[in-house]
Amino acid sequence: RVDDNDGEFLLIEAADFLPKWLNPENSDNRVFFYKGELHIIPPSETQEQEISQALALLSSRSEEFLAAEPIRTAVYKRISGYPEKIQASFHRAHCYLPAGIVAVLRQRPSLVAAAVQAFYLRDPVDLRACRSFQTFPPDERVMTVVTFTKCLYAQLVQQKFVPDRRSGYTLPLPSHPQYKAYELGMKLAHGFEILCSKCTKVSPDPKRNVLSGPLWEKFLSSLKEKNYFKGELEGSAKYLELLRMAEDYFQQSVPKPESSVEVSPGDEILTLLQSTTIDLKEFEREAACLPPEDDDSWLEITPDDLDQMLKEARNDSVPSSNEEEQKYDLEAVAESMKAFVSKVSTHEGAEMPWSSDESHVTFDVDSFTKALDRILGADSEELDSDDLDEEEEFDFSDEDDEDLDDEDQRQDQEVSPNELIGSLKSYMNEMDRELAHTNVGKSFTTQKKGASSVNTTSQNTGPDSGAEDTELTPVDVDMNLVANLLESYSAQSGLAGPTSNILQSMGVYLPENADRIGSNKGATE
């Protein structure tokens, strides 16, 4: 299995192809690499998510749980080139560190990750231990080369931090040629000190962890019942010798659970300090001929570089400006947006319509009518003041309230869905007539009535014109949609925004505003 503090992080790469039931909450003990292939165990096979049951299923019916081809393709594409590609993620930098930390990193280079995280996630309580630096005082420091991952290096170098005066860690002037090495070493030393402050000063013994469980207590009681100690007084030399032999036998014969041998980074650091000889003179000789550190210019990227990286991550080709204009299609913009709003969204978000070949959303007439009944059904207890005014307008009186429920129940059984939809359309048409002569109605672009008609906006201006012109010109939905999208995109001024984010997620890329580019060039000239 491959996981980290984010869980089954490889599944992020295949998020677009995962089955609907799979999420971070239920993925434990369901995702495995078995014989080099990715397998996913569905919940129908194992509800308890026990590791032993999952392994038994894999060993007996592995072919049934082989992940779908799109999932495996996405994951394998992400991990291709490893472990060789790991070298490209390393960054080597000079650090001015206490000799104790240098000795620890020689034994366990991976502890640099825990130290960086401890410094990066520090709080005021953690910094209390950094006032005195009991474990790593700044007295004996040497220059050395530390290997980070690029992520860890960026986390450390981008943090703005001033050490406590009482700590003894001082920094040279920023103009000093080795200022960055001093600053990195100071931050890293704080991380190591924080780790050590969170554990006991006495280094834990893994052997003691194994011999402190109920299994050992039962084993020891069994030895006493069988007169293993031969009547020796507890604490005597002979008793302790027999006890040591029993402990060694128990450790060798009893399997140790993973949790019993887990040691915190701080405990491990203290253990290494006790068992490692610190040769300060040797470190100083090595510091005199250190290899050069890596260039960190990769920390600085331009907006164009970022766009390029994002497009490569999405596996999108980067078309030229001419190609963008040629492939740009207003109908594709409208169709993509309509496909997007047709999707059903949940509290987890909306799904993007990746394919235009997908079938249209089905319309369930019965469900729709039931929903309309709940919305339009007359219930006197739920009516507010505005509803009462509408009731009077349509000649409903208070005396009829008692009969409404009975009538509604009969109508629910008698009215057909088509009649109900027709009634709803009549309400909507009446609303359209009222809004047609307001500023709201004039703000929409309407469909052209004929080839000779050039004006696409409503020309009705008087309140009586609705009576003369009973046929209202329909609103051009696509034209309004595209116009509003383009207006919003233009307002972004080339920056990220809601319109570009939504359209790009659906594979639609809008070109730059040629009118605005031309006006900017003219202003420059």
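Which residue forms a salt bridge with Arg 244? Select Asp 248: its closest N and O pairing with Arg 244 spans 3.5 Å. A salt bridge here is a side-chain nitrogen of Lys or Arg within 4 Å of a carboxyl oxygen of Asp or Glu.

This is a predicted model: local features need pLDDT of at least 70, side-chain atom pairs count only at pLDDT 80 or more, and totals for chains, interfaces and linings use all residues. Residues are numbered from 1 along each chain as its sequence is written, and side-chain values use heavy atoms, with hydrogens and water left out.

Stay on helix α10 (residues 237-253), where Arg 244 and Asp 248 sit 4 residues apart, about one helical turn. Helices (H or I, at least four residues) and strands (E, at least two) are DSSP runs, numbered from the N terminus. Arg 244 is partly exposed at 44% relative accessibility; Asp 248 is partly exposed at 26%. Buried means under 20% relative accessible area, exposed over 50%, partly exposed in between (1.4 Å probe, protein chains only).

Next, select helix α2 (residues 69-79), which holds Glu 69 and Arg 72. Their closest N and O atoms are 2.8 Å apart in a salt bridge. Arg 72 is buried at 14%, while Glu 69 is partly exposed at 46%.

Now show strands β1 (residues 31-34) and β2 (residues 37-40), an antiparallel pair with 4 bridges. Pairing requires at least two DSSP bridges between strands. Val 31 has Ile 40 as its bridge partner. In the hairpin turn, click Lys 35: its phi is positive, about 55°.
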